[in-house]
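Please look at the sequence and the structure below before reading on. The paragraphs after it go through a few parts of the chain in turn.

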Amino acid sequence: MDRAVQLSEAALMGWLILLLIAAGAMGGALWLRFPRPLWTMLGAALALGGVGYAWQGRPTLAASAPAPRPDALLDNDAISELRGQLIGRYGGEAAMFTAADALSRSGNKRTAVQIMLGAVGGNRGSVPYWTELGNVLFAHDGYQMSPAAQFAFRRARTLGPRDPAPFFFEGLAWMRAGDFRKARTFWSRALQLSPANAAYRPAIEQRVMLLDQAIRMMGE
């Protein structure tokens with residue numbers, strides 16, 4: 001119980017600090033009499049900062065020297081946890097994903113793609129394999145939604161039209177590629193397909209909410 005209280009207090013402090021920073025930025029903008037066009041840019045920056053904190057903020061983590069993160073998509077603990085809930089943590093598919101992730105983190109994105117191509121070739125009806133192929137193709141192609149990555153995600157959605165996983169991860173790719181409105185479309189569908197009692201539903205719901213806020217602040 002004490003540990004849970006500490007985690008809640010740390011998370012609350014993190015959000016309070018974020019709100020203070022936002023208030024300070026807005027106050028400074030008022031004092032400097034920012035022109036109207038710059039208010040939109042400032043609002044977008046603050047909203048995106050909130051999105052980033054919600055995804056990657058870890059206020060209870062002990063301080064340490066910064067370490068390079070070779071792959072923000074595949075080395076993100078929150079996304080890895082969510083993927084485990086959506087796709088599974090055990091069995092042959094999970095082992096294949098672990099191998100592909102390790103190769104991507106070490107810079108061998110081409111080999112990661114080859115592994116997932118082999119996996120798809122051996123099981124063309126696997127929604128998780130096609131989804132992970134879309135993920136590694138997106139990373140391999142410079143974090144852009146290349147035709148190959150789009151094809152893999154589309155194939156996953158076709159095979160699993162009621163599965164939220166391909167919709168969520170295609171939305172994540174579009175978000176990282178900078179197209180928030182497309183990301184919102186796919187995340188909204190993933191949320192609709194998520195059972196009310198699913199452990200992963202709150203995480204998807206929070207991301208949809210934060211993305212909506214970012215879109216509104218950007219005036220899109």
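The model is predicted.

Begin with the core. The largest nonpolar core has 46 residues. Leu-86, Met-116, Leu-133, Phe-168, Phe-169 and Ile-204 have the most contacts inside it. At least two residues of this core come from each of helix 3 (77-87), helix 4 (91-105), helix 5 (109-122), helix 6, helix 7 (147-159), helix 8 (164-177), helix 9 (180-193) and helix 10 (201-218). Helix 8 gives the most, with eight residues.

Phe-169 is one of the core residues with the most contacts. Leaving aside residues up to four places away in sequence, Phe-169 touches Ile-79, Arg-83, Leu-86, Ile-87, Thr-131, Asn-135 and Phe-153. Phe-169 also belongs to an aromatic cluster, together with Phe-168 and Trp-187.

Thr-131, one of the residues touched by Phe-169, can be taken next. Thr-131 lies in helix 6, which runs over residues 127-140. Is Thr-131 buried or exposed? Its relative accessibility is 0%, and the limit for a buried residue is under 20%, so Thr-131 counts as buried. The side chain of Thr-131 reaches the backbone oxygen of Val-127 at 2.8 Å. Not counting residues up to four places away in sequence, Thr-131 touches Ile-87, Phe-153, Ala-156, Ala-165, Pro-166 and Phe-169.

Now turn to the aromatic rings. How many aromatic pairs does the structure hold? There are four. One of them joins Trp-130 and Phe-151: the ring centres are 5.9 Å apart and the planes stand at 75 degrees, so this pair is edge-to-face. Trp-130 is in helix 6 and Phe-151 is in helix 7, 21 residues apart, and the pair thus links distant parts of the chain. Trp-130 counts as buried because its relative accessibility is 8%, whereas Phe-151, with a relative accessible area of 46%, is partly exposed.

Another pair is made by Phe-138 and Tyr-143. Their ring centres lie 5.7 Å apart with the planes at 80 degrees, so this pair is also edge-to-face. Phe-138 has 0% relative accessibility and counts as buried. Tyr-143 has 25% relative accessibility and counts as partly exposed. Tyr-143 lies in the loop between helix 6 and helix 7. The phi of Tyr-143 is near 60 degrees, a positive value in a residue other than glycine. Most residues other than glycine have a negative phi.

Helix 9 is the next stop. This helix has 14 residues and reaches 20 Å from its first C-alpha to its last, close to the 20 Å expected at 1.5 Å a residue. Its buried residues are Phe-180, Ala-183, Phe-186, Trp-187, Ser-188, Ala-190, Leu-191 and Leu-193.

Notes
Residues numbered from 1 in each chain as written. Predicted model: local features only at pLDDT ≥ 70, side-chain atom pairs only at ≥ 80, totals over all residues. Heavy atoms only, no water. Helix = DSSP H or I, 4+ residues; strand = E, 2+ residues; numbered from the N terminus. Buried < 20%, exposed > 50% of the residue type's maximum accessible area, 1.4 Å probe, protein only. Polar contact = N/O pair within 3.5 Å; in protein donor to acceptor, adjacent residues only side chain to side chain. Contact = heavy atoms within 4.5 Å. Core = buried A, V, L, I, M, F, W, Y, C linked by side-chain atoms within 4.5 Å. Phe/Tyr/Trp six-rings, centres within 6.5 Å; stacked < 30°, edge-to-face > 60°. Expected span 1.5 Å × (residues − 1).
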